[in-house]
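Please look at the sequence and the structure shown here before reading on. The report that follows takes up a few features one at a time, so that each can be found in the picture.

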Amino acid sequence: MQAAQKAEGASTERGAETPAGAVEGRGHKVRAMLKVQLGDEVYSSWFKSLEFESFDGRIVKVSVPVKFVRNWIQEHYSEHLLRCSRVEFATAERVEVVWRQPGAVPQRPCETRPTDAASQGAPAPAAIAQQTTEAPRPIATPRAPVLPVQRTSAGGLEGSPLDPRYTFESFVVGASNRMAHAGATQVAETVLTGAPGYNPLYIHSAVGLGKSHLLHAIAWEVKKRAPNAQVLYLTAERFRYQFVEALRSSDPLAFKERFRNINLLLIDDLEFLQGERTEQEFDHIINALLDGGKQVVVASARAPNQIERLNERMRSRLQRGLVTELQSLDHELRLKVLEKRLAEKRAADPSFSLSRDVVDLLALRLTENGRELEGAITRLYATWQYMRTPITLDIVETVIRDLVQNLEPRRIKIEDILRIISRHYGVSKGDLLSQRRHRSVVWPRQIGMYLAKHLTARSLPEIGRRFGGRDHTTVLHAIRKIEGEISKNPNLGDELEELKRLLNH
């Protein structure tokens with residue numbers, strides 16, 4: 001016994017890694033000590049899923065299946081974990097807690113204590129094991145059946161994927177989106193009647209407020225009412241890709257003909273439509289569809305008059321129908337979104353619940369868009385699935401902190417861009433705003449305009465005014481200049497990413 005221990009000690013001093021089986025065996029004793037020191041409740045909440053992965057003589061590597069659990073252990077129990085680990089791993093200098101990727105094979109079965117489950121009103125251990133290993137069950141209610149993932153197709157063209165969750169039944173209506181929702185439902189109801197209500201329908205908003213949700217909902221509703229309807233949903237990027245493929249095969253006329261018999265065309269992310277020939281072809285197709293009485297629905301981050309690539313005729317055609325904006329979610333609507341997403345999770349797992357205080361805190365702190373609200377519910381549900389302990393305000397605060405930090409980079413001002421550009425290129429702010437046309441000034445100025453276009457919500461005329469009173473055509477030239485250089489100079493892409501990192505810091 002002593003000889004074996006000496007041999008093991010010698011191996012660790014040399015830096016040899018202890019075999020996984022031996023690490024896990026000693027880790028079992030560490031977990032037992034943690035349970036004694038911290039108590040059954042703390043152990044069950046935070047350490048029950050802990051796995052001992054490796055030991056190299058200095059670092060004990062352990063893993064847990066949830067990022068939040070990892071963060072919590074690191075913040076609150078790192079000293080306890082190291083102290084207990086040193087009993088079995090004498091030379092350990094620190095314990096590294098990592099997130100165990102989904103699908104990783106556990107090295108031991110999960111520990112369960114029937115008395116704990118009974119005292120907390122939780123499901124039996126077998127039920128917990130089944131719920132934590134199975135894939136989430138689809139939500140199924142009479143009004144909102146879960147639809148299979150599929151693509152629309154028409155005229156030999158394959159559309160972009162439709163999300164089965166994005167239906168009218170799952171869309172939460174409030175004061176900020178009521179007009180857009182009403183327009184979308186009327187389009188879905190009248191598209192095949194020969195008298196479309198709004199044509200075209202143009203929906204615009206910032207990210208995460210429901211543009212794509214409404215486009216998908218229209219497509220699902222029309223296909224439900226008329227399975228044989230010719231419906232095509234395309235992102236602008238996919239439209240461009242298919243057109244480029246047609247050009248490569250010398251078949252651009254056939255590409256246009258494929259749209260002839262479409263009943264409903266839905267275009268998402270119009271602001272990303274790029275390429276002079278692509279824009280011209282898009283112009284011809286939209287005009288042909290509208291002239292033929294076919295329904296067109298477009299979604300974009302910007303209104304038609306703020307998309308520089310559109311020519312005047314296309315801009316006018318898109319503004320002829322209903323142009324509606326999805327506004328930011330007010331507090332009442334945020335509460336409704338949270339309650340809806342919570343109800344969807346409870347349909348899959350009735351044992352999952354959040355207190356009113358938790359829901360109110362989420363609605364108060366998460367104000368950007370619906371995606372972060374849905375993301376918060378999803379994270380809390382995942383935490384619940386692994387921990388099976390009530391979701392407290394402390395847990396919610398940790399989740400919120402992560403989400404808010406992820407959102408901060410979007411809040412960038414033109415003044416910040418001018419400051420970073422001036423510092424990075426060694427050019428004074430006065431020179432950037434002046435009429436000087438030396439390359440040492442023009443290039444940083446063009447970089448700044450490009451960043452302002454992509455990192456702020458300012459229009460081209462406003463960007464021009466903030467960069468020394470220039471007109472929007474100068475700004476547009478700068479943006480296209482940088483876009484053209486990116487494709488030819490990989491180092492420029494790296495430089496732009498560094499500038500973005502500095503702005504987000």
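This is a predicted model: local features need pLDDT of at least 70, side-chain atom pairs count only at pLDDT 80 or more; totals for chains, interfaces and linings use all residues.

Helix α22 covers residues 472-488, which makes 17 residues, and the distance from its first C-alpha to its last is 25 Å, close to the 24 Å expected at 1.5 Å a residue. Its buried residues are Val475, Leu476, Ala478, Ile479 and Ile482. Because these residues cover an arc of only 160° around the axis, they lie on the same side of α22. On the face of α22 that is turned away from this buried side, one finds the exposed residues Ser487 and Lys488.

Strand β2, residues 59-64, is mostly covered, since 5 of its 6 residues are buried. Strand β2 has strand β1 (residues 51-55) as a partner, and these two pair in the antiparallel sense over 4 bridges.

Lys61 in β2 is the bridge partner of Ser54, and the bridge partner of Lys61 in β3 is Glu96. As background for reading such an arrangement, in a regular strand the side chains alternate between the two faces of the sheet.

**Salt bridges**

| Lysine | Glutamate | N to O distance |
|---|---|---|
| Lys224 | Glu221 | 3.4 Å |
| Lys429 | Glu415 | 2.5 Å |
| Lys500 | Glu497 | 3.6 Å |

The side chains of Lys429 and Glu415 meet in a salt bridge at 2.5 Å, N to O. This pair links distant parts of the chain, with Lys429 in helix α19 (residues 429-433) and Glu415 in helix α18 (residues 414-425), 14 residues apart. Lys429 has a relative accessibility of 34% and therefore counts as partly exposed, and Glu415, with a relative accessible area of 35%, is partly exposed.

Lys224 and Glu221 belong to helix α9 (residues 211-225), and because they are 3 residues apart there, about one helical turn separates them. Is Lys224 buried or exposed? At 52% relative accessibility, Lys224 counts as exposed, whereas Glu221, at 14% relative accessibility, counts as buried.

Lys500 and Glu497 lie in helix α23 (residues 490-504), where they are 3 residues apart and so are separated by about one helical turn. Lys500 is partly exposed, with a relative accessible area of 21%, and Glu497 is partly exposed, with a relative accessible area of 47%. Elsewhere, salt bridges that share partners join Glu169, Glu221, Lys224 and Arg225 into one network.

Note on methods
Residues are numbered from 1 along each chain as its sequence is written. Side-chain values use heavy atoms; hydrogens and water are left out. The expected span of a helix is 1.5 Å times one less than its number of residues. Buried means under 20% relative accessible area, exposed over 50%, partly exposed in between (1.4 Å probe, protein chains only). The arc is that of the directions from the helix axis to the C-beta atoms. Two strands pair if DSSP finds at least two bridges between them. A salt bridge is a side-chain nitrogen of Lys or Arg within 4 Å of a carboxyl oxygen of Asp or Glu.
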